[in-house]
Amino acid sequence: MAFTVLKNINDLFKNHYKFIVGASTSLSYVKTAIKEHGSQMKTWQNYSEKYELYHHSETIAWDYTQERPYKEDVIKTNKRMYLHMYYNPEKAVEDGKRFNRYMAQLEDELLSGKRHLEHESAYKRFFEIKKTPRKIQVTPRQEAMDEARSRYGFFILLSNEVKDAITALELYRNRDVVEKAFGNLKDRLNCRRTLVSSDQSLEGKLFVEFIALIYLSYIKKKMEERDLFKKYTLQSLLDELDVIESYEAPGSDVIVGEVLKKQSELYKEMDVPVPVNGTSLC
């Protein structure tokens, strides 16, 4: 995993791309940063009330390497990069629970003799194993466990462009907008299969899907701005508004059913006029 991150970052530098990427806390750069600043960063000055975490940023020198097959050599130099470190107390608790479950699993596998090949490095790292004719003795390597625990609650972003930690976090979290957009197209908007028999029908369906996706993206953006995800999921908010009925007869105005106070407030949060008779819900 660490090798993949290193290679990806070197490739991004090589192609002159601006980037923000997540990095494992097991990287040497990260371990050093956590050891030097992990305790001091947990101050009010470094706290984000909006995201409920502590943050710290520093400039580091990235060890850049580039192989040049045509010259049969390797370029080695330093590239400037920004390391953004975050600490979330709730994440620390969850990391601890997850680590304890993992240690219990490893110990059980060792004592039962049902070892897994993919866990061999973890066995050696976290336990001292002694075999006797009658049993297997397993002793925790406390120093290794403490080192792992020292990184609970931390996560890291690396960027060659963004200097501010909160800006980097917001940009990084917005990366899933595109991923979720494709998910919405395939699942929520039923575009996993086109189910059409002509090019004209396909173009019409894609156009409608595109318009629907704009609506969904707008709603999600407003929910983030108004902090509505604490009360609703995207689906539950749509369900809350979906129960409003409207009736339209040829030559007559639209008649809108009862709109509750809670639903009116949601329309206002979306910066959309509350529907009344004579207007459409769309």
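This is a short tour of selected parts of a predicted model.

**Stop 1: the sheet.** Select strands β1, β7, β4, β3 and β2. These five strands form an open sheet in the order β1-β7-β4-β3-β2, with antiparallel pairing. Strands of a sheet pair through backbone hydrogen bonds, either parallel or antiparallel. Now look for the edges: β1 (20–23) and β2 (47–48) each pair on one side only.

Stop 2: Select α2, residues 28–37. This helix lies across β3, β4 (73–87) and β7 (154–159), and α2 runs at about 155° to β3.

**Stop 3: asparagine 10.** Go to helix α1 (residues 2–14), where asparagine 10 is found. Is asparagine 10 buried or exposed? Its relative accessibility is 11%, so asparagine 10 counts as buried. Leaving aside neighbours within four places in sequence, asparagine 10 is in contact with Trp62, Asp63, Tyr64 and Thr65.

**Stop 4: helix α10.** Select residues 261–269, which make up α10. Which residues of this helix are buried? They are Gln263, Ser264, Leu266 and Tyr267. These residues lie on the same side of α10 because they cover an arc of only 160° around the axis. Finish just after α10 at aspartate 271, which takes a positive phi of about 60°.

Key. Residues numbered from 1 in each chain as written. Predicted model: local features only at pLDDT ≥ 70, side-chain atom pairs only at ≥ 80, totals over all residues. Heavy atoms only, no water. Buried < 20%, exposed > 50% of the residue type's maximum accessible area, 1.4 Å probe, protein only. Helix = DSSP H or I, 4+ residues; strand = E, 2+ residues; numbered from the N terminus. Arc of directions from axis to C-beta. Contact = heavy atoms within 4.5 Å. Pairing = 2+ DSSP bridges. Axes fitted to C-alpha atoms, helices over the stretch in contact; angles between N-to-C directions.
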